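Subject: Structure for you to look at

Hello,

Here is the structure I said I would pass on. Please open it first, and then read the notes below.

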Number of protein chains: 2
Amino acid sequence: MSQVRVHNFAVSLDGFSTGEGQSLDAPFGHAGGRLMEWFFHTRTFRDMHEEGGGGTGVDNALASNWGPGIGAEIMGRNKFGPQRGPWEDHDWAGWWGDNPPFHTPVFVLTHHPRSSVEMKGGTTFHFIDASPQEALEQAREAAGGLDVRIGGGPSTVREFLAADLIDHLHVVVVPIVLGRGVRLWDGLEGLEQRFSVESVTTPSGVTHVTFTR
Amino acid sequence: MSQVRVHNFAVSLDGFSTGEGQSLDAPFGHAGGRLMEWFFHTRTFRDMHEEGGGGTGVDNALASNWGPGIGAEIMGRNKFGPQRGPWEDHDWAGWWGDNPPFHTPVFVLTHHPRSSVEMKGGTTFHFIDASPQEALEQAREAAGGLDVRIGGGPSTVREFLAADLIDHLHVVVVPIVLGRGVRLWDGLEGLEQRFSVESVTTPSGVTHVTFTR
């Protein structure tokens, strides 16, 4: 059976995976880039954005596992963009430009379905109103036997964890206190008992924690 | 000037430093011993309890910094014991037996002051109704030029951090999701900006995070 995976998912010491006040200019709200600094410096990130350079150490080794073996992604609507409620801007096609780094079908969970949007490079956004189980079923079919990535944000990851649908969770604890935003861990008491847990701190100061079956 | 230090202070991934439902049999409530497992295996802990053995690796090196240079401790009443409100059991003298591991004056913050209790081995419990600043002034005087340790629990550590009275904070992130209890980080947004922060994961699976000036 194909796996359901979460990668490169950052969380602050106080458990927030995004800040407060998301907007066009601030995908992570008041958190700004602070949760993802460690990632911006990796070769994996630079390659995604067709920039050169970037580190090839442990942060990158873990970050690079994001892509291989993935046949589809599921993301929440707040990862896709800052709009809430009925779609007003139908031209919005995500934060990632015309060639998004996914290169697979991407299922966007929303209570306001709309037509699919095909991008360059193999990414197609599908907009579905579905439970985690239903979304996973569709994504698995689209993935053709490959793994499915749950791309975030925190509410989406939390729902899939609560439904016990995730096989591999890679969390990156960033040593900052965000104070407000969207919490990752709420309602997940005892989560570690369902997984093997490993931790490693890297020179960037973050701690990678992997939950695997 | 003497320093104000916090050592060996554990916190779960979701930011709880103690569980729910403290009682005589469960000082950490439903968390049980899970937040302190890493500590129980160190030589420092074994020595405190006059037991032999215990690890002498990185967990122990960090744990061992707890004692040296400390001239007084301040603790919250909930670290001292499970009683709330006016004291009913005046015989209660903490969880630590007749020779507690502190060996200094210990100031217990409470809205219900009572007479001091002198224990074996140099520990004396003083019960004071005081703000963090006032308590620190008293503890500094008692410490005779040595450092003051803020011993916990989470509400006490949080209050001293909020008042910016702490110079050295050693937090131990334990990769469990407690779900409920008392949170450490509430109201401390941007705490890291006041400190240099370092992290290291050890083979026990915990991550030591030090906040120093």
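Which residues of helix 6 (residues 154-162) of chain B are buried? They are B:Pro154, B:Thr156, B:Val157, B:Arg158, B:Phe160 and B:Leu161. Please keep in mind that this is a predicted model.

Helix 6 of chain B lies across strand 1, strand 3, strand 4 and strand 7 of chain B, and its direction is at about 135° to strand 7 of chain B. After helix 6 of chain B comes B:Asp164, which has a positive phi, near 55°.

The sheet in chain B

In chain B, nine strands form an open sheet with mixed pairing, in the order 5-6-4-3-7-1-8-11-10. Its edges are strand 5 (117-118) and strand 10 (196-201) of chain B; each has a single partner strand, so one side of each has no neighbour in the sheet.

Strand 3 (residues 70-76) and strand 7 (residues 147-152) of chain B run parallel and are joined by five bridges. One residue pair to look at is B:Ala72 and B:Val148, the latter being the bridge partner in strand 7 of chain B.

Helix 5 (residues 132-143) of chain B also packs on the sheet, where it touches strand 1 (4-12), strand 3, strand 4 (105-109), strand 6 (124-128) and strand 7 of chain B. The direction of helix 5 makes about 150° with that of strand 3 of chain B.

B:Leu136 belongs to helix 5 of chain B. Is B:Leu136 buried or exposed? B:Leu136 counts as buried, because 23 C-beta neighbours lie inside 10 Å. Apart from neighbours within four places in sequence, B:Leu136 is in contact with B:Val4, B:Ile74, B:Val148 and B:Leu165. B:Leu165 is 29 residues away from B:Leu136 in sequence, and their C-alpha atoms are 8.5 Å apart.

Chain A

Chain A has six helices and eleven strands. The C-alpha trace of chain A spans about 45 × 35 × 30 Å along its principal axes, and 43% of the 213 residues of chain A count as buried. Of the contacts in chain A between residues at least 6 apart in sequence, 64% join residues at least 24 apart.

A:Ser115 sits in the loop between strand 4 (105-109) and strand 5 (117-118) of chain A. A:Ser115 counts as exposed, because it has 9 C-beta neighbours inside 10 Å. A:Asn8 is 107 residues from A:Ser115 along the chain, and 29 Å separates their C-alpha atoms.

Core and interface

The largest nonpolar core has 100 residues, of which A:Ile74, A:Val173, B:Ile74 and B:Val173 touch the most other members. Leaving out residues up to four places away in sequence, A:Ile74 touches A:Phe107, A:Leu109, A:Ala135, A:Leu136, A:Ala139, A:Val148, A:Ile150 and A:Gly151.

How many residues of chain B are in contact with chain A? There are 23, and they meet 23 residues of chain A. On the side of chain B that touches chain A, the elements giving two or more residues are strand 10 and strand 11 (207-212) of chain B. Strand 10 of chain B gives the largest share, four residues. The residues on this side of chain B are twelve nonpolar, seven polar and four charged.

Regards

Methods: Residues numbered from 1 in each chain as written. Chains lettered and ligands numbered in written order. Predicted model: local features only at pLDDT ≥ 70, side-chain atom pairs only at ≥ 80, totals over all residues. Buried ≥ 20, exposed ≤ 12 C-beta atoms within 10 Å, placed from the backbone. Contact = placed C-beta atoms within 7 Å. Pairing = 2+ DSSP bridges. Axes fitted to C-alpha atoms, helices over the stretch in contact; angles between N-to-C directions. Nonpolar A, V, L, I, M, F, W, Y, C, P; charged D, E, K, R; others polar. Core = buried A, V, L, I, M, F, W, Y, C linked by C-beta atoms within 7 Å.
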